[in-house]
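Welcome! Take a moment to look over the sequence and the model, then read on for a short tour.

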Amino acid sequence: MARSEEGSSDARGISLFIYERTTPEMKIRRIEHKLGIHGSPTCELQFNNAPAELLGKRRFGLIKYTMSLMNGARLGVSAQALGISEAAYRESIKYANKRMQFKKHIKDLPAISEMLNDMSVNIQAMRSLLYETARIVDLKEGLEEKIENHPEAKADLAHDLQKYTKLASLLTPLAKLATTEMGNKICYDAIQIHGGVGYTTEFAVERLYRDIRITNIYEGTSQMQVVAAMGGIISGVIFDKLNEYENKFDFTKNQLATLFEIAHSMKSSLELAVAHVKSNSNFQDQHSRRLADMSVDVLISYLLIIDAIKSESKKEVAKSFISKALHRVRSTFDFIISQINLFNSFNSLKV
Ligand SMILES: Cc1cc2nc3c(=O)[nH]c(=O)nc-3n(C[C@H](O)[C@H](O)[C@H](O)COP(=O)(O)OP(=O)(O)OC[C@H]3O[C@@H](n4cnc5c(N)ncnc54)[C@H](O)[C@@H]3O)c2cc1C
């Protein structure tokens, strides 16, 4: 990618190019020394007046072509974060079952068992979000392929394609944000469970802690995932999806009605927060991360209840996740509203 439009400074001034590696204008700079992922060498490619050919249309390099590649990239990194988290959890369980302190296995200490339980619940929660996101991206790509092979079906499929494109644009950044941020927390706790030995290179959690750190940076930082998800949250794509789940599944089954009531109340808080944030464009930038985090909590709560409708074993996972998510959503909601009220009352004083 390179900036092709002189005088431009935004994403619409960037195009895609092909560079044929037959001339000396491209230099590979040194191999970087990194904190983690040492199995994957990273180096910078420097292009000095390198001749290149335009690929596709001008100005579409980032906003269209690269963005469409992002669905796969975000899913890949989310899966990487989930895998590292699962490894960190397994190492922690193994260690907590072996290590004795005060004549007890540390797994039986409430502080450790709560950490282990949170790890397990959050991994299952992230997996549920990742699989749902992958399913939606599959549906979107399937429709694209069908339209390419059968152009005559385009009109019939256009509505569905638009729906799944919007959903993929919302869910892929939310999944990357959630799995990579949670993965960092899980690896942090994994070292904590290991105590001092976790900080040494003798135990795998030290490497996992370093390896997970890149996942919320590359293929777009968490802050960029928030920017990418905001359109779908503000425009209501997320609520359309939650309403669709409500219509499709019987949330009163398997004694899940109370849990669903809680998840539904979290959805209402999110709706109200979005309505308040929409009242002033400054609020959107200020509270975007909070809205994205609330969206993740609400979405996962719905997905875990759906998992529990299908499988009894997921009921405890849903209960455990939702009981903590409720407090996060409530306190974030209170903070957003109090900040907006403060801003409004300050402004009315100025008038
Ligand atoms: C190991 C590794 C491998 C990589 N592999 C590749 C690769 O194969 N191909 C490739 O092209 N790149 C690759 N990268 C680059 C990587 O994708 C970028 O480093 C990453 O996207 C962040 O961009 P940046 O470093 O320019 O940070 P910056 O954009 O300078 O960000 C700095 C800080 O500002 C924040 N920020 C920036 N813009 C905004 C905004 N609009 N709103 C809110 N916050 C913002 C960021 O979140 C971050 O906290 C790799 C990097 C590493 C470390």
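This is a predicted model: local features need pLDDT of at least 70, side-chain atom pairs count only at pLDDT 80 or more; totals for chains, interfaces and linings use all residues.

Let us begin with the ligand. The residues around it are Lys 34, Ile 37, Thr 42, Ile 214, Ile 217, Tyr 218, Glu 219, Gly 220, Thr 221, Gln 223 and Met 224. By type, this shell holds five nonpolar, four polar and two charged residues. Oxygen of the ligand comes 2.7 Å from an N or O atom in the side chain of Thr 221, and a ligand oxygen also lies 2.8 Å from an N or O atom in the side chain of Gln 223. On its own the ligand would expose 970 Å², and the protein buries 34% of that.

Now for the aromatic rings. Across the whole structure, a search finds seven aromatic pairs. One of them joins Phe 251 and Tyr 302: the ring centres are 5.7 Å apart and the planes meet at 65°, so this pair is edge-to-face. The pair links distant parts of the chain, 51 residues apart. Phe 251 belongs to the loop between helix H6 (237-248) and helix H7 (257-278), while Tyr 302 is in helix H8 (residues 281-310). Phe 251 counts as buried, with 4% relative accessibility, and Tyr 302 is buried too, at 0%. Ring pairs also bring in Phe 260, forming a cluster with Phe 251 and Tyr 302.

Finally, here are two places where a charged end sits over a ring.

| Charged residue | Ring | Distance to ring centre |
|---|---|---|
| Lys 64 | Phe 60 | 6.0 Å |
| Arg 328 | Phe 321 | 5.5 Å |

Technical notes:
Residues are numbered from 1 along each chain as its sequence is written. Side-chain values use heavy atoms; hydrogens and water are left out. A residue is near a molecule or strand if one of its heavy atoms lies within 4 Å of it. A polar contact is a pair of N or O atoms within 3.5 Å; within protein, one must be able to donate a hydrogen and the other to accept it, and residues adjacent in sequence count only if both atoms are side-chain atoms. Accessible areas come from the Shrake-Rupley method with a 1.4 Å probe; for residues, only the protein chains shown count as cover. Ala, Val, Leu, Ile, Met, Phe, Trp, Tyr, Cys and Pro count as nonpolar, Asp, Glu, Lys and Arg as charged, and the others, Gly among them, as polar. Rings of Phe, Tyr and Trp (its six-membered ring) pair if their centres lie within 6.5 Å; planes under 30 degrees apart count as stacked, over 60 as edge-to-face and the rest as tilted. Helices (H or I, at least four residues) and strands (E, at least two) are DSSP runs, numbered from the N terminus. Buried means under 20% relative accessible area, exposed over 50%, partly exposed in between (1.4 Å probe, protein chains only). A charge sits over a ring if NZ of Lys or CZ of Arg is within 6 Å of the ring centre and within 35 degrees of the ring normal.
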